[in-house]
Amino acid sequence: MTVPLLDLVAQYQSIKDAVMPALQSVIERQQFIMGPEIGQLEAEVARVSHAKHGIACASGTDALLLPLKALRLEPGDEVIAPAFTFFATAGTIHNSGGTPVFVDIDPSTFNLDPAAVEAAITPRTRAIVAVHLYGQMAAMDRLLPLVRRYNLGLIEDAAQAIGARRRLDGEWRVAGELGWAGALSFFPSKNLGAWGDGGMMLTQDDALAERLRKLRLHGGAKQYHHEEVGTNSRLDTLQAAVLLVKLRYLSDWSAARRERAARYSQAFAGHADICPPAVDPANEHIFHQYTLRVTRRDELAAHLKARGIGHAVYYPVGLHLQPCFAHLGYRHGSMPKTEEAMATVLSLPIYPELTVAQQNVVIEAVRDFYR
Ligand SMILES: Cc1ncc(COP(=O)(O)O)c(C=O)c1O
């Protein structure tokens, strides 16, 4: 039996009877841009994310870029971000005119290390981008006091973490609700995935929400009148229709991912060569990825490939070592925890439709490699 890393066809089969009529309805009305489904989706995603405003846009990348643009960064302004994340986290800092300043991660959660963040703050620091990697939230309780003390913007990169929760002062807080802005991605492989690109910005701030709504429409609230230079970054109505249907299943899907993660972690517990992902006790993880640390990672990857078992390395190169950021002057050794993660992480298939039989095949294949 082969097991894909992700099986979107299985998900499609389970929801197509609900999605197809929703798409048909958009097609019959022909309102492909800013149809009523956009406002409905914004309201519903904002509600589940505890945010006052949801502003849909064209991608998770734009959901980071537009709040960064709203900061009006000057040349030399610095934005702190983890070195271990998807490229968009830092590419958008560059593209909004800022300078990315990379910090190392907490090796247990793979999220940014608040002590490293504090050490990286300078008089030029304008903001922090906190990534909730693989589906568990960063230590927001330790980042929020820094943001207040140094008067910084805080953008949550919640692209992988829709609906993830963290207990702060005894209350559940949701990914995207705590920052000045939060960014969600609806890339098809995400826990809430569209049938194409899509994203959403979240904020509690009325003035920011108004600016973000303009920035996604070329910087104007009224057609052909532009207060600032924005861009075209709307979510298609068709995508909103897909997402509105899928959103009904999201919390069950996240619970199913957690169950599968628990099964893997039980199977690998105590194994000398395999370190299952740690969940911070304050967090409820949504397991966008199930990511092990292992010995002989590349050999294990080849072994899984030979058996037809999907797997991936997120991420093989830290952002501080990317050629496009060479001018920033980082070297091998600058971010030891990130570099260790680059060499040892391996993500296994995890999705709600993954069957017990499939999971057993994955578990046995991993165990066999180390026998
Ligand atoms: C951590 C992180 N940030 C940002 C993005 C960008 O999202 P998108 O692919 O929707 O532009 C992604 C997803 O690919 C991501 O995983």
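**View 1. His218 in the loop between helix 7 and helix 8.** His218 sits in the loop that runs between helix 7 (206-215) and helix 8. Helices here are DSSP runs of H or I with at least four residues, strands are runs of E with at least two, and both are numbered from the N terminus. This is a predicted model, in which local features need pLDDT of at least 70 and side-chain atom pairs count only at pLDDT 80 or more, while totals for chains, interfaces and linings use all residues. Residues are numbered from 1 along each chain as its sequence is written, and side-chain values use heavy atoms, with hydrogens and water left out. The phi of His218 is positive, near 60°, in a residue other than glycine. With a relative accessible area of 43%, His218 is partly exposed. Buried means under 20% relative accessible area, exposed means over 50%, and partly exposed is in between (1.4 Å probe, protein chains only).

View 2. Arg296, in the loop between strand 12 and helix 10, has a positive phi near 45° and is not a glycine. Its relative accessibility of 43% makes Arg296 partly exposed. Tyr314 and Tyr315 are joined by a cis peptide bond, with omega about 15°. Tyr315 belongs to the loop between helix 10 (297-306) and helix 11 (336-344). For background, most residues other than glycine have a negative phi, and most peptide bonds are trans.

**View 3. The two sides of helix 9.** Helix 9 (residues 250-268) has 19 residues and spans 27 Å from its first C-alpha to its last, close to the expected 27 Å. That expected span is 1.5 Å times one less than the number of residues. Buried in helix 9 are Leu250, Trp253, Ser254, Ala256, Arg257, Arg260, Ala261, Tyr264, Ala267 and Phe268. They lie on the same side of helix 9 because they cover an arc of only 160° around the axis, the arc being that of the directions from the helix axis to the C-beta atoms. The packing partners of these buried residues include helix 1, helix 8 (237-247) and helix 12 (356-370). Strand 10 (274-275), strand 12 (290-294) and strand 13 (345-348) are also among the elements they pack against. On the face turned away from the buried side, look for the exposed residues Ser251, Asp252, Glu259 and Gln266. After helix 9 comes Gly270, with a positive phi near 80°.

View 4. In one of them, Glu118 pairs with Arg149, with the closest N and O atoms 2.8 Å apart. Glu118 is in helix 5 (residues 114-120) and Arg149 in helix 6 (residues 140-149), so this pair ties together parts 31 residues apart in sequence. Glu118 is partly exposed at 32% relative accessibility, and Arg149 is exposed at 53%. In another, Asp141 meets Arg166 at 2.7 Å, N to O. Because Asp141 lies in helix 6 and Arg166 in strand 6 (residues 165-168), the pair ties together parts 25 residues apart in sequence. Asp141 is partly exposed at 33% relative accessibility, whereas Arg166 is buried at 4%.

**View 5. A salt-bridge network around Asp368.** Salt bridges link Arg307, Glu364, Arg367, Asp368 and Arg371 in a network. Between Arg371 and Asp368, the closest N and O atoms are 2.6 Å apart. Arg371 is exposed, with a relative accessibility of 67%, and Asp368 is partly exposed at 28%.

View 6. Leu184 lies in strand 8 (residues 181-185) and is buried, at 1% relative accessibility. Contact means heavy atoms within 4.5 Å. Leaving aside neighbours within four places in sequence, the contacts of Leu184 include Val45, Ala63, Ile162, Met200 and Leu202.

**View 7. Thr109 in its loop.** Thr109 is found in the loop between strand 3 (99-103) and helix 5. Thr109 is buried, at 9% relative accessibility. Not counting residues up to four places away in sequence, Thr109 touches Gln136 and Asp280.

Note on methods. A salt bridge is a side-chain nitrogen of Lys or Arg within 4 Å of a carboxyl oxygen of Asp or Glu.
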